[in-house]
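Take a walk through this structure, one stop at a time.

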Amino acid sequence: MKRVVVGLSGGVDSSVAAYLLQEQGYEVIGLFMKNWHDDSVTISNECPWLEDSNDALLVAEKLGIPFQTVDLSEQYKEKIVDYMFNEYEKGRTPNPDVLCNREIKFDVFMKIALSLGADYVATGHYCRKGEIENDGNTTFQLLAGKDYNKDQSYFLCQLSQEQLAKSLFPIGELTKPEVREIATKMKLVTAEKKDSQGLCFIGKVRLPDFLQQQLQPKEGLIYEVSADNGIYKQVVPSFDSKEEELIFQSTPILYTPEVGTVVGKHQGAHYFTIGQRKGLNVGGTKEALFIIATNVVTKEIYTGQGHAHPGLFQKALRVQNSEIHWIRNDLKLENGQSMEVMARIRYRQELQKATLYQFETGLYVSFVEPQSAITQGQFVAWNIKDELVGSGVIS
């Protein structure tokens, strides 16, 4: 009998994942990850991890499976939280959920599970795993979940073949309503529980509060740039090569105070991200102000009115060679090669038609339609049909 360790989070998805594995004849062990101790940054007075671990325990008891809690807060702080602060300080916007899966769930946690004699680790992610034969070797595929509204393959875009080989996603073929139905039928305590919000495994955290605890305020000015500004009407030069054109298209506009009007003050450019419209506390404009650029060195934030402001849009982005990640190594591009894909730059975004171009200067993702709020530090992931084949950090 194969042994599976399930990451029981105290939510309905992982609860049903554990039940389904049991039904499939696996020996199932439930493990709850405690990733955070500092309750001073959580929103509510309830202690989220305590409530979640209690629910996970009740589910394990109901299913009659062994259960224990593992404390990964030290590794979480080092690999996720410290990295996040470091990125925000540089003016980039990291994605803690993608990192948490790569560094914690499918690395630290997986090693613990394997040390308990597990053959696999399972989670409640809405995605599927496929297998194909390549020259006599098995290659694993990361496929979108059947519930398109809930597909979470993007959050797993940094997994490796080794990690996928040892992973199971039992609810990938189901929709959310079907998962809730199973939980209700089994009288699991998590059946009606709302989906968790906030940082991966920390719980309900106000990110600005969290950042302000660790990053010192640095006051600066907020500028508004008019959509009619000449900076958006510059003549596009002619290019000698596709690479030159992509370098031009993926380089963000460098804003200076001369192009804008001062509309307010902020407490730190590193607390804000491209495309954000809340938290600026600047009123009196006809349309909402959106952040189009931040500069942590000069302490400037540049904004534009409305979600159609030209400063929000870009046709291409670049991924540094050191930050390209192929799940499907057999599809990896060599210098000078290109590939048509469907890509997204954030979770829940509709997949967009794009072409990948690999050059010595990096990998470029060129979109058919200009994309809004391409943000440094976030992940771009690319698909072929419903298979996520690679990803990278936007630079």
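Glutamate 87 and arginine 92 are both buried (under 20% relative accessible area; exposed is over 50%, partly exposed in between, with a 1.4 Å probe and protein chains only). Their side chains meet in a salt bridge, 2.8 Å from N to O. The term stands for a side-chain nitrogen of Lys or Arg within 4 Å of a carboxyl oxygen of Asp or Glu. Side chains of opposite charge can pair when their charged atoms come close.

A word on the model itself: it is predicted, so local features need pLDDT of at least 70 and side-chain atom pairs count only at pLDDT 80 or more, while totals for chains, interfaces and linings use all residues. Residues are numbered from 1 along each chain as its sequence is written, and side-chain values use heavy atoms, leaving out hydrogens and water.

How many salt bridges does a search of the whole structure find? It finds 22. One of them joins the side chains of lysine 79 and glutamate 103, at 3.6 Å from N to O. Lysine 79 lies in helix 3 (residues 73–89) and glutamate 103 in helix 4 (residues 96–115), so this pair ties together parts that are 24 residues apart in sequence. Helices here are DSSP runs of H or I with at least four residues, strands are runs of E with at least two, and both are numbered from the N terminus. Lysine 79 is partly exposed, at 26% relative accessibility. Glutamate 103 is buried, at 18%.

Helix 4 also holds arginine 102. This arginine is partly exposed at 25% relative accessibility. Leave aside residues up to four places away in sequence, and arginine 102 touches Asp107, Gln158, Leu159 and Gln163. Contact means heavy atoms within 4.5 Å. Glycine 220 is 118 residues from arginine 102 in sequence and 35 Å away in space, C-alpha to C-alpha.

Now turn to helix 8. It spans residues 242–250, and Leu246, Gln249 and Ser250 are buried in it. Why do they lie on the same side of helix 8? They cover an arc of only 90 degrees around the axis, taken from the directions between the helix axis and the C-beta atoms. An α-helix has 3.6 residues a turn, so residues three or four places apart point the same way. The buried residues of helix 8 pack against strand 12 (313–326), strand 14 (352–359) and strand 15 (362–372).

Glutamate 245 pairs with lysine 242, with the closest N and O atoms 3.5 Å apart. Both lie in helix 8, three residues apart, about one turn of the helix. Glutamate 245 is partly exposed at 24% relative accessibility. Lysine 242 is partly exposed too, at 33%. Elsewhere, salt bridges that share partners join Asp13, Lys150, Lys176, Arg180 and Asp195 into one network.

Next comes a pocket. On a 1 Å grid over the protein atoms alone, a pocket is an open set of points where a 1.4 Å probe fits, with protein on both sides within 12 Å along at least five of seven lines; lining residues have an atom within 4 Å of a point. The second largest pocket has a volume of about 1,100 Å³, the space filled by probe spheres set on the points. Its lining counts 41 residues, and Thr251, Pro252, Ile253, Leu254 and Gln314 lie nearest its centre. Helix 8, strand 10 (289–295) and strand 12 each supply at least two lining residues. The largest share, five residues, comes from strand 12.

Strand 12 also contains glutamate 323. This residue is partly exposed, with a relative accessible area of 22%. Not counting residues up to four places away in sequence, glutamate 323 touches Arg92, Ser391, Gly392 and Val393.

Two loops close the walk. Aspartate 135 sits between strand 5 (127–134) and strand 6 (137–144). Its phi is near 50 degrees, a positive value in a residue other than glycine. Alanine 373 has a positive phi of about 55 degrees, although it is not a glycine. The loop between strand 15 and strand 16 (379–384) holds alanine 373. Are these residues buried or exposed? Aspartate 135 is exposed, with a relative accessible area of 80%. Alanine 373 is buried, at 8%.
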